[in-house]
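Please keep the sequence and the model in view while reading.

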Amino acid sequence: MLRFFRLVVLGGIVVINWVLIAMFLSLFKDSPNFAGIGAIVVEGGLVAVALSPWGERYFRFTNRLRRPLPQEGDVLYPALERLAARCGLNRMPEVFIQHNAHPNALAVGTGTVAVTTGLLQQAPAEEIEAVLAHEVGHLVNGDTKIRLVAYVTNAAGNVALWALTGIILVMSVVGFGGGMMGGDRSMSGFGWFMLLLAWSLKASIWILTKLLQLSYLAVGRREEYAADEYAARHGYRDGLIAFLSRPGDVKPERVMAALHATHPAPEARIERLMRL
């Protein structure tokens, strides 16, 4: 069920951004085939690059990941080797460090896991290994690939949207200018029409994007549960529960905060892990 819902949401993201790119390309050539096929080529090319080794390096750079120092490697490399043996991994993920005082970890690209300096400084070895198992679960379940596709297509669609609205606004200014200087009411009407079109386009895309964003966040929270289950199946349940039980910032529960949360509440994750 999770996989189906994830594909539906991803499909919606890809289609909306494909439409935006196609609309932008249609400004250069009055051909539906050119715009539609061109948008597919643009999206497909960007996704292929993102899933390539070059894309992996790019996302490591943007997340400011570095190779472990010798003392950090003494903790991480043995843990990753034990994890790979226990989980039967065919490919060993590469491990990196992110400078962040908050104890956390992340999975990036197609084969990268990273832990924060805060995690290394504050968590014991068994918790670090359990957190690594959770992140490997994201890689094995294909979560990071889905996120890459969504991220890249959204970036391309946003560029196309800003370019489209920019061009439309320039055309509206030209219309207003022609109306004021030449006294041509039709030019002023054209300016108002283009301005209304620009705002309508932005508002429509914002609403659709917001709905998809909330749906995508809901899918992401389900993916966190699935990654927890992966770690638990391979013997890391207690270590993960110990990590999630660490005291953190207590925030009031609000509906909007819950809808925009990237992770489920630690209490909910612990409860599910206990049932496993």
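Across the whole structure, which is a predicted model, a search finds 1 cavity of 30 Å³ or more. The volume of the largest cavity is about 30 Å³.

Its lining is made up of Tyr225, Asp228, Glu229, Arg269, Arg272, Leu273 and Leu276. Two or more of the lining residues come from each of helix 8 (185-233) and helix 11 (266-275). By class, the lining of the largest cavity holds 3 nonpolar and 4 charged residues, with no polar ones.

## The second largest pocket

The second largest pocket contains about 270 Å³ of space. A total of 14 residues line this pocket, and those nearest its centre are Arg91, Thr110, Gly111, Leu139 and Val140. Helix 6 and helix 7 (143-182) are the elements that supply two or more residues to the lining.

Helix 6 makes the greatest contribution to the lining of the second largest pocket, giving 3 residues. The lining of this pocket comprises 6 nonpolar, 6 polar and 2 charged residues.

## The packing of helix 6 and helix 9

Helix 6, which spans residues 125-141, packs with helix 9, which spans residues 237-244. The angle between the two is about 100°, and their axes lie 8 Å apart. Angles of 65 to 115 degrees count as roughly perpendicular, and helix 6 and helix 9 are therefore roughly perpendicular to each other.

On the side of helix 6, the residues in contact are Glu126, Glu127, Ala130, Val131 and His134. These meet Gly239, Leu240, Ala242 and Phe243 of helix 9. Sorted by class, this contact has 5 nonpolar, 2 polar and 2 charged residues.

## Confidence in the model

The mean pLDDT of the protein is 84, and 88% of the residues score at least 70. Where is the confidence highest, and where is it lowest? Strand 2 (residues 94-98) has the highest value, at 95, whereas helix 10 (residues 255-260) has the lowest, at a mean of 52.

Where pLDDT is low, predicted coordinates should not be read in detail.

Notes. Residues numbered from 1 in each chain as written. Predicted model: local features only at pLDDT ≥ 70, side-chain atom pairs only at ≥ 80, totals over all residues. Heavy atoms only, no water. Axes fitted to C-alpha atoms, helices over the stretch in contact; angles between N-to-C directions. Helix = DSSP H or I, 4+ residues; strand = E, 2+ residues; numbered from the N terminus. Parallel < 35°, antiparallel > 145°, perpendicular 65-115°, else oblique. Contact = heavy atoms within 4.5 Å. Nonpolar A, V, L, I, M, F, W, Y, C, P; charged D, E, K, R; others polar. 1 Å grid on protein atoms, 1.4 Å probe; cavity = no way out; pocket = protein on both sides within 12 Å on 5 of 7 lines; lining within 4 Å. Points joined across faces, edges and corners; volume = space filled by probe spheres on them. pLDDT = per-residue confidence, 0-100.
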